[in-house]
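I opened this model to take notes on it. The entries follow in the order I looked things up.

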Amino acid sequence: MTIAFLCPRWGSEQIPWPEFLQQVKDAGYTGIEWFPFGEQCDHEAVIALLKKMELHWCIVTAITEHLPFAAYTGALDRQLKQLSQLGKDHWPPLFISVQTGREYFSAGEVYNCLVICKAIAERTGIPIYQETHRNKWPYAAHVVKPFLEKYPDTLLTLDISHWFCVSESYLEDQQPAVEKALIHTRHIHARVGHTEGPQVYEPAAPEYSAALNAHLAVWDRYVQLRRDAGATIITITPEFGPPPYLVFANRNGTPQQEQWRVNLWMKDFLQQRYAINH
């Protein structure tokens, strides 16, 4: 089994694509994670450059407008269909992670969203994962578990930092829900959060060792489960974000430099921990 570390485009949108992708390749990433509709550019030209540089890519997406439910589902359907067509003939994405719905959606509304995602994934052959995220439907462990039990073909991009923040705990008392989520996880967002926020100041700092270890326990289990399932590749995006996720006070570099440094530290740390060549 190999591991693919994907570098987030988030926070580096101001860097020209050729320069950014060369930095990604030089740093040893397998590819990138990108929200194509989040920036104005020639998407197909970027995808052609990714192919030329032999860098894979995945999509992260969300409907950013506040819409009535009927309008929301229409927008979700249109956006996922459009995204699934990008690069389809020459360099398609590995998968799409979608931040679906809102935390106040009813169970029936969530189900309708899942039906849309499933139909598009089946028609296009591109996996669509539900990203665990605050203010989206999978915002907490206890909310997601019954959906996974009822709809077992639902797959996740797991960012456990959100769940730790929402519950103000490391989910010590919700381990069955965490285990259930990990069984359905196909991608990891490796950001270290804590019980009062989704991102620590510095993951290598001793004062955040408890937070780091809580995340490592989850990620270790993910790697083990995928190995046991016979997966040939697993994917991880080190996903420390820019301000306001990144607290900028008392740092030496620019926000972009500091975000890049912390994500690269996370990649190198996990690569060494799992001793898997990417």
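**Salt bridges**

I searched the whole structure for salt bridges and found 13. The model is predicted, so I treat every value here as computed from it.

I began with Arg191. Arg191 forms a salt bridge with Asp159, with the closest N and O atoms 2.8 Å apart. I then checked where the two residues sit. Arg191 is in the loop between strand S7 (185-189) and H8, while Asp159 is in the loop between S6 and H6, so the pair ties together parts that are 32 residues apart in sequence. Are these two residues buried or exposed? I found both Arg191 and Asp159 buried.

Arg191 has another entry in my list. Glu239 forms a salt bridge with Arg191, and here the closest N and O atoms are 3.0 Å apart. Glu239 lies in the loop between S8 and H9 and Arg191 in the loop between S7 and H8, so this pair ties together parts that are 48 residues apart in sequence. Glu239 is buried, like Arg191.

Next I looked at Lys267 and Asp268. Their side chains meet in a salt bridge, at 3.0 Å from N to O. I noted the accessibility of each partner. Lys267 counts as buried, because its relative accessibility is 2% and the cut-off for buried is under 20%. Asp268 has 37% relative accessibility and counts as partly exposed.

**Glu258 and Leu246**

Glu258 is in helix H9. It is buried, with a relative accessible area of 9%. I set aside its neighbours within four places in sequence and listed the remaining contacts. Glu258 is in contact with Leu246, Arg251 and Gly253.

Leu246 was my next stop. I placed Leu246 in the loop between strand S8 (233-237) and helix H9 (255-274). Leu246 is buried, at 6% relative accessible area. What does Leu246 touch, not counting residues up to four places away in sequence? I recorded Gln199, Gly241, Arg251, Pro255, Glu258 and Gln259. I also took one distance. Leu246 and Gln259 are 13 residues apart in sequence, and their C-alpha atoms are 7.2 Å apart in space.

**Helix H6**

I turned to helix H6, residues 160-167. How many of its eight residues are buried? I counted six of the eight, so H6 is largely enclosed by the rest of the structure. The buried residues are Ile160, Ser161, His162, Trp163, Phe164 and Cys165.

I then asked what covers the buried residues of H6. The cover includes helix H5 (141-150), strand S6 (156-158), helix H7 (175-183) and helix H8 (209-228). I checked what comes after the helix, too. Glu168 follows H6, and its phi is positive, near 50°.

**Ile183**

Ile183 is partly exposed, with a relative accessible area of 44%. I took the distance from Ile183 to Ala229. The two are 46 residues apart in sequence and 9.7 Å apart in space, C-alpha to C-alpha.

**The whole chain**

Last, I stepped back to the overall picture. I noted nine helices and eight strands in the protein chain. The radius of gyration is 18 Å, close to the 19 Å that the globule rule gives for 278 residues, so the chain is as compact as a globular protein of that length. Along the principal axes, the C-alpha atoms fill a box of roughly 50 × 45 × 40 Å.

I looked up burial for the chain as a whole. Of the 278 residues, 55% count as buried. The chain exposes about 12200 Å², and carbon and sulfur atoms supply 53% of that area.

I also looked at contacts along the sequence. Among contacts with a separation of 6 or more, 78% come from residues 24 or more positions apart.

The protein chain has 24 positive and 30 negative charges.

Note on methods. Residues numbered from 1 in each chain as written. Predicted model: local features only at pLDDT ≥ 70, side-chain atom pairs only at ≥ 80, totals over all residues. Heavy atoms only, no water. Helix = DSSP H or I, 4+ residues; strand = E, 2+ residues; numbered from the N terminus. Rg over C-alpha atoms; globule rule 2.2 N^0.38 Å. Buried < 20%, exposed > 50% of the residue type's maximum accessible area, 1.4 Å probe, protein only. Contact = heavy atoms within 4.5 Å. Areas by Shrake-Rupley, 256 points an atom, 1.4 Å probe, with all protein chains shown as cover. Lys, Arg positive; Asp, Glu negative; His and termini not counted. Charge placed at Lys NZ, Arg CZ, Asp CG, Glu CD. Salt bridge = Lys/Arg side-chain N within 4 Å of Asp/Glu carboxyl O.
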